[in-house]
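Q: I have a sequence and a model open. Can you show me how to read strands, helices and a core, one at a time?

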Amino acid sequence: MKKLNIIQYLAVAALLYSTTACNKDFLEKKPLTEYQESEVWQDKGLVQAFVNDLYVQMRPGFNEVMLSSMTDESRFIHDYNTSRVVQGNISPDDIGALNDFSRWDGHYKEIRNCNMFFEKIDKVPVDDATRNTMKGEVHFMRAWYYQMLVRYYGGVPLITKTYNVKGDEQEILNTKRATFEACVKFIADECDSAAKLLPLTYEAVKDKGRVTKGAAMSLKSRMLLFAASDLFNKQVKSPLMGYTTGDQMVRFRLAKDAAKAVMDLGIYELYHPTDSAAENYSRIFLDKDHKELIFVKQYDKALLGTSHDLYNGPNGYHNWGGNVPLENFVSGYQMRDGSAFSWVNAAQAQAPYVGRDPRFYATILYDGAKWKPRPKDGAEVDPAGVIQTGKYEPKNGGVDSVWGLDTRNSTIENWNGTFSGYYMRKFMDKNLDAQFFRGDQNWIFIRYAEVLLNYAEASIWLGEEADALPVLNSVRTRAGMPATAATGDALKDVLKYERRYELAFEEHRFFDARRWVTDAMTAFNGSAKGIEVLGSMIANHPFVYRPVSIQDRTFREKDYLLPIPAAEIRKNSNLEQQVPYK
């Protein structure tokens with residue numbers, strides 16, 4: 001009797017996934033590697049662990065390499081094949097660091113497990129309420145894993161059953177890609193099926209990380225807005241890569257309606273616990289279980305926790321540098337009054353970090369930013385805990401210039417320093433000593449601000465600006481920025497600004513710039529820039545800030561969607577390659 005390929009993960013799922021429903025009796029059973037498939041589907045605890053594992057296999061953003069470093073948001077200083085992506089060198093045989101994000105094999109493995117669940121669940125001895133909730137979760141998961149594939153590849157094979165490798169070889173080898181339209185419809189339908197079966201909320205603390213009706217509806221909103229965008233509706237070369245018939249405005253209408261349905265639930269709201277806009281924004285990602293959160297990955301410090309702070313903190317704190325923000329991104333932050341920042345403006349160039357959008361201060365660590373106490377070896381040099389990414393003239397007539405503690409010439413660590421002159425602040429817990437301890441911040445897969453921006457975008461592109469403005473401004477004013485009264489193309493620009501800076505580093509920019517078409521071609525080509533800081537340790541002596549190129553980047557027309565992996569096409573010649581890669 002064959003064993004399930006998922007069994008190897010069940011123990012990890014039961015221990016690591018904080019919302020597991022397993023009980024003491026389940027934990028005392030024989031080793032999971034000894035279970036046969038027939039036994040799994042006769043045991044409620046094992047089936048619950050099987051469902052839990054679908055959550056465990058979701059890739060959160062708190063990994064060493066962040067998707068932001070394949071965009072104009074950041075650069076990963078250790079490379080790990082990210083340069084292949086940003087310099088336009090991906091191919092069907094090698095998509096570089098994106099392989100760990102697009103996960104063709106991994107996502108189809110989880111889709112297979114979803115299909116297996118639906119084939120077995122009706123015979124499992126559980127009550128109807130439990131069965132239906134599980135079904136709702138797995139409909140969501142199947143939608144999730146398919147939307148991940150579609151957002152990277154366009155149309156992909158739609159597989160809704162498990163295959164017996166010995167009996168179904170020919171059917172497997174004959175599987176073709178479904179059209180982009182069919183994939184979008186399938187994902188939307190799965191979200192609808194999930195929403196019908198899932199609760200609005202969970203009362204038990206142990207279930208707080210599970211998907212809800214609102215999560216399913218929000219995922220549908222995300223997918224329909226993605227599908228309505230220009231990339232998939234204008235000059236489409238293949239039905240596998242977008243719509244070749246139909247009305248784009250009809251699709252925006254569906255996207256708007258899907259977002260409005262989430263808003264009409266009346267259970268979510270923007271989080272603003274304090275009077276400080278920057279503090280409010282920071283606490284979205286640090287506080288637990290507030291009403292802006294729709295679907296999150298929970299972490300527990302006692303069970304490994306997240307290493308985001310270690311991966312991305314300054315080297316002057318014995319952290320690893322990691323995904324350092326680019327000047328391309330930093331320059332785009334507006335001034336507090338809503339006007340644009342410009343290096344041409346002499347006053348702004350002399351004090352570039354004064355008077356910016358409050359989200360800047362909650363997202364970016366820059367030279368001179370007050371951060372947190374240094375470890376002992378750093379505190380002797382910097383007792384105030386101020387970020388140092390510059391080269392400074394010495395005090396008291398000294399001869400040699402002094403490099404900041406957070407540079408690549410640091411006296412603390414000189415190998416993990418930033419190339420850009422910045423470090424990430426967003427998501428980070430300033431009360432955590434990341435050199436020795438892990439954090440417990442949520443990774444937010446979906447939050448209410450995204451849904452509001454989905455609604456506003458669909459409304460604007462439909463020409464229904466009166467609907468968009470109050471919703472867009474609710475996000476903007478929560479951030480401490482002035483409300484906009486823009487119209488036409490200017491309003492579209494405000495919407496794009498809000499998505500770029502409200503959702504920064506949350507894995508949206510990679511897809512947003514592409515689906516808007518011209519934004520990717522403009523933003524992802526040319527130099528990735530950093531900032532050079534030349535200053536003085538003498539009081540009141542002006543610093544000099546100068547943008548510098550740190551990496552050449554290229555974005556090609558063929559890079560809007562990833563190529564189908566060559567290894568998959570070698571296994572199945574019926575898998576049609578993307579038009580630009582043929």
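A: Start with pairing. Two strands pair if DSSP finds at least two bridges between them. Keep in mind that this model is predicted.

Q: In which sense do β5 and β9 pair, parallel or antiparallel?
A: Strand β9 covers residues 526-536, and β5 pairs with β9 in the parallel sense. Three bridges join the two. For a landmark, find Y392, which stands opposite G535 in β9.

Q: In which sense do β5 and β6 pair?
A: Antiparallel, over two bridges. Strand β5 spans residues 391-393. Here K391 stands opposite W403 in β6.

Q: How many bridges join β9 to β10?
A: Nine, and these strands run antiparallel. Look for V533, which stands opposite Y545 in β10.

Q: What is the order of the strands in the sheet?
A: The order is β6-β5-β9-β10. The sheet is open, has four strands, and its pairing is mixed. At the edges are β6 (402-403) and β10 (544-553), each of which pairs on one side only.

Q: Now helices. How do I check the span of α8 against what is expected?
A: Count 1.5 Å times one less than the number of residues. Helix α8 takes in residues 128-153, 26 residues in total. From first C-alpha to last it reaches 37 Å, close to the 38 Å expected.

Q: What can be found at the two ends of α8?
A: At the start, a side-chain oxygen of D127 comes to within 3.2 Å of the backbone nitrogen of A129. Just after the helix, G154 takes a positive phi of about 80 degrees.

Q: Is α8 mostly covered or mostly uncovered?
A: Mostly covered. Of its 26 residues, 22 are buried, meaning under 20% relative accessible area.

Q: Which residues touch the most other members of the largest nonpolar core?
A: First the general idea: in soluble globular proteins, nonpolar side chains tend to be buried together. In this model the largest core has 157 residues. M70, L98, F140, M141, Y152 and F295 touch the most other members. Helix α8 supplies the largest share, 13 residues.

Q: What does M141 touch?
A: Leaving out residues up to four places away in sequence, M141 touches L54, Y55, M58, C114, V211 and F295.

Definitions and conventions
Residues are numbered from 1 along each chain as its sequence is written. This is a predicted model: local features need pLDDT of at least 70, side-chain atom pairs count only at pLDDT 80 or more; totals for chains, interfaces and linings use all residues. Side-chain values use heavy atoms; hydrogens and water are left out. Buried means under 20% relative accessible area, exposed over 50%, partly exposed in between (1.4 Å probe, protein chains only). A polar contact is a pair of N or O atoms within 3.5 Å; within protein, one must be able to donate a hydrogen and the other to accept it, and residues adjacent in sequence count only if both atoms are side-chain atoms. A nonpolar core is a set of buried Ala, Val, Leu, Ile, Met, Phe, Trp, Tyr and Cys residues joined through side-chain atoms within 4.5 Å. Contact means heavy atoms within 4.5 Å.
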